[in-house]
Amino acid sequence: MTGGIADLLHEPPPFVVREAAGLERFAAVMGEDGWDRERILALPDVDLPYWYAQRRAMDFVLAEVPFRAGERLLDVGSNTCWASNIFAGAGLEVVALDIASAQMQGLRTADWFLEEGERYFERVLSTMYDPALADASFDYVFCCEVLHHNDSAHLGRTLRELHRLLRPGGRLLVVNEPLRFPLRLKLDHGQEVAEFEGNENVYFLHQYLRAARAAGFRVTLPSLTAAAHGPLREPGGHLQGVKRWLRRSGAGRGVLRALRVGLFFWRHAIRGDANMTLLGER
């Protein structure tokens with residue numbers, strides 16, 4: 001135990017060492033960009049498109065899942081620990097798990113939340129594919145934009161481990177997971193942050209579903225959410241007029257519904273403009 005962090009990351013493989021070092025470098029970049037304690041404590045409520053998407057995902061989870069005080073939750077890839085802080089505020093017993101301890105990009109960031117004195121959660125330094133935690137010790141496992149940091153050899157293993165950690169009836173909560181699509185293969189996925197060696201990967205929706213089901217999960221809500229970071233724009237005035245005209249008749253409403261379905265599948269299932277939300281049950 002060092003600085004309140006349980007170190008279970010023994011002899012990590014080189015790719016984990018590189019990724020943790022990259023997070024240290026990224027934390028330095030954040031500091032140069034003006035990030036500080038006050039801004040971290042405000043997460044996810046900061047005026048940036050990326051964080052707008054995280055707030056939207058958290059609001060969905062809090063509305064969808066009937067959390068009860070005293071239940072246990074594992075926050076996988078907790079990073080800045082903002083989600084751990086929110087769940088602890090909801091009365092859950094939380095364990096934040098990450099491979100990095102860097103302040104602003106790892107488990108030491110939690111010091112700022114904990115020093116406020118209102119909430120508490122545990123911290124564990126560990127990989128997600130080999131966590132040295134007890135079987136059936138959590139009611140929930142939360143993964144926000146983190147599973148894609150597994151290569152294909154580790155994705156299934158990670159999901160099997162998360163299944164092991166959940167109690168019978170426990171739930172896996174996955175949000176904001178980037179996806180690959182037939183017309184958007186994202187062959188350059190992660191290139192913009194390649195210098196930080198983040199082990200970035202990208203998968204099709206069916207690959208996540210297959211891996212989750214093979215691990216033993218009953219997938220209760222696989223869905224797609226708009227990947228656009230920031231408020232969605234309303235259609236222009238002329239399109240609004242067409243929509244009003246279509247709504248005025250039964251046939252028009254049917255046409256409008258079909259157009260919406262077609263547009264959704266084009267944007268989110270073929271062309272690709274969505275992230276994955278997946279709720280699974282043990």
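So, helices α3 and α4: the axis of α3, residues 49–64, and that of α4 come within 12 Å and cross at roughly 30°. Those axes are lines fitted to C-alpha atoms, for helices over the stretch in contact, with angles from 0 to 180 degrees between N-to-C directions. Angles under 35 degrees count as roughly parallel, over 145 as roughly antiparallel, 65 to 115 as roughly perpendicular and the rest as oblique, and α3 and α4 are therefore roughly parallel to each other. The crossing of α3 past α4 is right-handed, meaning that the near helix is turned clockwise from the far one by less than a right angle.

Before I go on: this is a predicted model, where local features need pLDDT of at least 70 and side-chain atom pairs count only at pLDDT 80 or more, while totals for chains, interfaces and linings use all residues. Numbering starts from 1 along each chain as its sequence is written, and side-chain values use heavy atoms, with hydrogens and water left out.

Okay, who touches whom? From α3 we have W51, Q54, R55, M58, V61 and L62, and they meet W82, A83, I86 and F87 in α4; contact here means heavy atoms within 4.5 Å. By class, that contact has eight nonpolar residues, one polar and one charged. Nonpolar covers Ala, Val, Leu, Ile, Met, Phe, Trp, Tyr, Cys and Pro, charged is Asp, Glu, Lys and Arg, and the others, Gly among them, are polar.

Is S78 buried or exposed? At 3% relative accessibility, S78 counts as buried; the cut-offs are under 20% relative accessible area for buried, over 50% for exposed, and partly exposed in between, with a 1.4 Å probe and protein chains only. Skipping neighbours within four places in sequence, S78 contacts S84, A96, L97, D98 and L107.

Now over to F15, in helix α1, residues 14–32. F15 is partly exposed, at 21% relative accessible area.

Zooming out, the protein chain has nine helices and eight strands, taken as DSSP runs numbered from the N terminus: helices are H or I, at least four residues, and strands are E, at least two. Of its 282 residues, 47% count as buried. And among contacts with a separation of 6 or more, 75% come from residues 24 or more positions apart.
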